[in-house]
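Me: I'd like a close look at one part of this predicted model: the ligand site. Please take it slowly and spell out the cut-offs as you go.

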Amino acid sequence: MSTSDNNRVVIFDTTLRDGEQSPGASMNLDEKIRIAMVLEEMGVDVIEAGFPIASDGDFEAVNEIAKIVKNSTVCGLARATKMDIERCAEAIKPAERKRIHTFISTSPLHMKYKLQMDPEKVFEKVKESVAFARTFTDDVEWSAEDGTRTEHDFLCRCVEAAIKAGATTINIPDTVGYTMPHEYSALFNMLFERVPNADKAIFSVHCHNDLGLGVANSLAAVSAGARQVECTINGLGERAGNAALEEVVMALKTRQDLMPFQTNIVTQDIMKASRLVSTVTGFTVQPNKAIVGKNAFAHESGIHQDGMLKNAETYEIMTPESVGLTESKLVLGKHSGRHAFKEKLKDLGYDIGENAIEVAFKGFKDLADKKKDVFDEDIMALVDDQVLRGNDRLQLVSLEILCGTKHQPPKSELEMSIDGEIKSCTSTGDGPVDAAFNAIKTLFPHEAHLQLYQVHAVTHGTDAQAEVTVRLEENGRTVNGQAADTDTMVASTKAYITALNKLLVKREKTAPSALSA
Ligand code: KIV
Ligand code: ZN
């Protein structure tokens, strides 16, 4: 990564670390690897792949990503302790470009109540942790957690010491999403003025979105001289989330007149990354979300449509194509062959192995038998669904539902594969969905509570695939499962099973012995 160009903004994606910390957004190893590959392909400079000390699963994910990713720097997070830093160094070891990101809180509130350390102790830790991290890699980032609520004198001392100890990137997070654009840019100006060795490091921003200002604050800091932005796809992240990568990047690209900065991002890959993160986490993107929402480029009112027809620039400040949104296209029919299907996958940006293509092709043939018109969106929903779910412990084998006015109560017959063993049962319920979910509970007993059941149509028409989201909660842990099928009951059952699989991943993370239900 070249950062010698002073107008180059480094994009640091933390979807797999800070994003995954979002309640319900757990991802398994395969899903993390797929996201990392898409991030690399879209030109993300630094991928924060996880927090290796947090769990064996996190360690493995960072380690595997470090083996696979070649063009982006792979970064792991570590607190200011030797154990954390050693574990992080071990996880990122295989990476061609590796970074250790170490952090400690510097605000009076955090030091007193969270760390229970006095400022001098924290100051010592800053120096020790950065110097120790430097023994493993030349690329060390130091973060002042709760930086925006830190006293300026102390922040300056810590930043200067971190740079002296070898930090090459200094991150000033707005951990609680509290700052305002003018205050944040003033903070950076203050640091550039007062820290004598500030020119020896790249300054970075990391903004949470509690007041809806994550992106605005990030851009304000870039205007003041920050040259790394930490962000997540779809703004995923704890509480109200982090600054959204797609918004930061497209704002910079669209307003070159005011912000003449470059990023390395292939913006045409944005939709693909957004869809993948949404499918994997089960966090649907709100329709009016900037850049990646379903309505972001839709023009409904007559006046707008009229203007658009005369000249698209009347109401469009960027093109849908620039973020990878192509018009809904009719794709292959049921007579289309494997070769055409492979070409379509390539067009849609899927780089999946032969086995996965075979699975997807079979799914496509089944879909084309059921659905007259198959659109790009259908193919994407199908591939995301089938390919991502291939290694899950719980899988749907078959489902039959009897319902309607003549069949009361509704009855379901379900076959599931549980760790490779096929089990079946019959259940009833208050409605068909209830009957299907009761059958899952019979075959795989669990205590999780259903918190959300939501159905969307992937495309238009009564033969559209239904995309279902199911949210489950167990002992304070929430997970989302998403699935698509032309049959709403099948999609619902798959979404529930996906959520259960995610719950198993969560359980593994906290207690490796709690693998069985
Ligand atoms: O929000 C925050 O302060 C963080 C740090 C670990 C960088 O995520
Ligand atoms: Zn954060």
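Which helices and strands each supply at least two residues of the shell around ligand 1?

Reply: Those would be α1 (15-19), β4 (98-105), β5 (140-145) and β6 (169-174). Helices here are DSSP runs of H or I with at least four residues, strands are runs of E with at least two, and both are numbered from the N terminus.

Some housekeeping before going in. This is a predicted model, so local features need pLDDT of at least 70 and side-chain atom pairs count only at pLDDT 80 or more, while totals for chains, interfaces and linings use all residues. Residues are numbered from 1 along each chain as its sequence is written, chains are lettered from A and ligands numbered from 1 in the order in which they are written, and side-chain values use heavy atoms, with hydrogens and water left out.

Now the shell itself. The residues around ligand 1 are Arg-17, Asp-18, His-101, Phe-103, Ser-143, Glu-145, Asn-171, Pro-173, Thr-175, His-206 and His-208; to get on that list, a residue needs a heavy atom within 4 Å of the molecule. By type, they split into 2 nonpolar, 6 polar and 3 charged.

What touches the ligand's oxygens? A polar side-chain atom of Arg-17 sits 3.0 Å from an oxygen atom of ligand 1. For His-206, a polar side-chain atom is 3.1 Å from an oxygen atom of the ligand, and for Asp-18 an N or O atom of the side chain is 3.2 Å from one. The protein covers 95% of the 260 Å² of accessible area that ligand 1 has on its own. Such areas come from the Shrake-Rupley method with a 1.4 Å probe, and for residues only the protein chains shown count as cover.

Asp-18 and His-206 turn up again at the metal. The zinc ion (ligand 2) is coordinated by Asp-18 (OD), His-206 (NE2) and His-208 (NE2), at 2.0 to 2.1 Å. Along the chain, these donors follow the spacing D-x187-H-x1-H. A donor is an N, O or S atom within 2.8 Å of the metal (3.2 Å for Na, K and Ca), and water is not among the atoms, so sites may look incomplete.

His-206 is found in strand β7 (residues 202-207). It counts as buried because its relative accessible area is 5%; buried means under 20%, exposed over 50%, and partly exposed in between (1.4 Å probe, protein chains only). His-208 is buried too.

UniProt's unreviewed entry has a "binding site" feature listing Asp-18, His-206, His-208 and Asn-242. Those residues are spread over 225 residues of sequence, yet they cluster in space, with 10.3 Å as the largest C-alpha distance. The entry also gives "domain: Pyruvate carboxyltransferase" for residues 9-271. UniProt positions are in the numbering used here, with feature names shortened, and annotations may be inferred rather than shown by experiment. In the model, the span 9-271 is 44% helix and 17% strand, and its end C-alpha atoms lie 21 Å apart.

Back in the shell, look at Ser-143, in strand β5. Its side chain makes a polar contact of 2.6 Å with the side chain of His-101 and another of 2.8 Å with that of Asn-171. A polar contact is a pair of N or O atoms within 3.5 Å; within protein, one must be able to donate a hydrogen and the other to accept it, and residues adjacent in sequence count only if both atoms are side-chain atoms. Ser-143 counts as buried because its relative accessibility is 2%. His-101, in strand β4, is buried as well, at 2% relative accessible area. From His-101 to Ile-170 you go 69 residues in sequence but 9.6 Å in space, C-alpha to C-alpha.

Most residues other than glycine have a negative phi. Asn-234, in the loop between β8 (228-231) and α10 (245-254), has a positive phi of about 60°, and it is buried at 16% relative accessible area. Arg-239, found in the loop between β8 and α10, also has a positive phi, near 50°, and counts as partly exposed because its relative accessibility is 48%.

Note on methods: Ala, Val, Leu, Ile, Met, Phe, Trp, Tyr, Cys and Pro count as nonpolar, Asp, Glu, Lys and Arg as charged, and the others, Gly among them, as polar.
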